[in-house]
Amino acid sequence: VQLQASGGGLVQAGGSLRLSCAASGSIFSINAMGWYRQAPGKQRELVAVITSGGSTDYTDSAKDRFTISRDNAKNTVFLQMNSLKPEDSAVYYCNADLRTYSSTRYRFYWGQGTLVTVSS
């Protein structure tokens, strides 16, 4: 199983970016998918999560600015980020709670991370 994240880059404050993360491999089912971020010198934190049914939750700093969505048919999760601030700068990681055909259990898988830099 592989999670491939993309869409990061350099953007000015107030700008927008759209991150994507596609899960591939021998996937039987995916429960929740989410985005985390880690800034230099800080712990990794949850940004947003979406269940297989479409329920969402956000960290307070992302509410009203970020939108998480997913395409279940393509095993892909998105994060639309608007009104970006310099404090949003971090490496963004996608995460999926999934089960493979060779397992009876769900476990978390991580993408490789994509860098978001917001200039002031």
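User: Which residues does T114 touch, not counting residues up to four places away in sequence?
Analyst: This is a predicted model. In it, T114 touches A5, S6, G7, G8, L19, A90, V91 and Y92, with residues up to four places away in sequence not counted.

User: Where does T114 lie?
Analyst: T114 belongs to strand β11, which covers residues 114–119.

User: Is T114 buried or exposed?
Analyst: Buried. The relative accessible area of T114 is 10%, and the cut-off for buried is under 20%.

User: What does the side chain of T114 reach?
Analyst: The backbone nitrogen of G8, at 3.1 Å. G8 is also one of the residues in the contact list of T114.

User: Switching to cysteines. How many disulfides are there?
Analyst: The count is 1 disulfide. The bond joins C21 to C94, with an S to S distance of 2.0 Å.

User: Which parts of the chain does that pair tie together?
Analyst: C21 sits in strand β3 (residues 17–24) and C94 in strand β9, so the pair ties together parts that are 73 residues apart in sequence.

User: Is the disulfide right-handed or left-handed, and why?
Analyst: Right-handed, because the torsion about the S-S bond of C21 and C94 is about 55°.

User: And C21, buried or exposed?
Analyst: C21 is buried, at a relative accessible area of 0%. C94 also counts as buried, with 0% relative accessibility.

User: OK, charges next. How many salt bridges does the structure hold?
Analyst: There are 4 salt bridges in the structure.

User: Which residues are linked in a network of salt bridges?
Analyst: The network links R37, E45, R65 and D88. Within it, the side chains of R37 and E45 meet with an N to O distance of 2.7 Å. R37 also forms a salt bridge with D88, where the closest N and O atoms are 3.0 Å apart.

User: What is the relative accessibility of R37?
Analyst: R37 has 6% relative accessibility and counts as buried. D88 counts as buried too, at 1%. E45 is partly exposed, with a relative accessible area of 33%.

User: Why is E45 partly exposed rather than buried?
Analyst: Because its relative accessible area is 33%, and buried means under 20%, exposed over 50%, with partly exposed in between.

User: Which residue does K63 meet in a salt bridge?
Analyst: D60. The side chains of D60 and K63 meet in a salt bridge at 3.2 Å, N to O.

User: Is D60 buried or exposed?
Analyst: D60 is exposed, with a relative accessible area of 62%. K63 counts as partly exposed, at 39% relative accessibility.

User: Where does K63 lie?
Analyst: K63 is in the loop between β6 (56–58) and β7 (66–71). The C-alpha atom of K63 is separated by 8.9 Å from that of A48, a residue 15 places away along the chain.

User: Different region. Which strand holds D97?
Analyst: D97 lies in strand β9.

User: Is D97 buried or exposed?
Analyst: D97 counts as buried, at 15% relative accessibility.

User: Which residues is D97 in contact with?
Analyst: Leaving aside neighbours within four places in sequence, D97 contacts S29, I30, N31, A32, Y106, R107 and F108.

User: How far apart in space are D97 and F108?
Analyst: 4.4 Å, C-alpha to C-alpha, with the two residues 11 apart in sequence.

User: Y106 was in that list. Where is Y106 found?
Analyst: Y106 is in the loop between β9 (90–100) and β10 (107–110). Y106 is partly exposed, with a relative accessible area of 35%.

User: Last one. Which residues make the nonpolar surface patch?
Analyst: F28, Y101 and Y106 make a nonpolar surface patch of about 340 Å².

Methods:
Residues are numbered from 1 along each chain as its sequence is written. This is a predicted model: local features need pLDDT of at least 70, side-chain atom pairs count only at pLDDT 80 or more; totals for chains, interfaces and linings use all residues. Side-chain values use heavy atoms; hydrogens and water are left out. Helices (H or I, at least four residues) and strands (E, at least two) are DSSP runs, numbered from the N terminus. Buried means under 20% relative accessible area, exposed over 50%, partly exposed in between (1.4 Å probe, protein chains only). A polar contact is a pair of N or O atoms within 3.5 Å; within protein, one must be able to donate a hydrogen and the other to accept it, and residues adjacent in sequence count only if both atoms are side-chain atoms. Contact means heavy atoms within 4.5 Å. Patches are made of residues with over 30% relative accessible area and no salt bridge: like charges are joined within 9 Å, nonpolar side chains (Val, Leu, Ile, Met, Phe, Trp, Tyr) within 5 Å. Accessible areas come from the Shrake-Rupley method with a 1.4 Å probe; for residues, only the protein chains shown count as cover. A disulfide is a pair of cysteine sulfur atoms within 2.5 Å.
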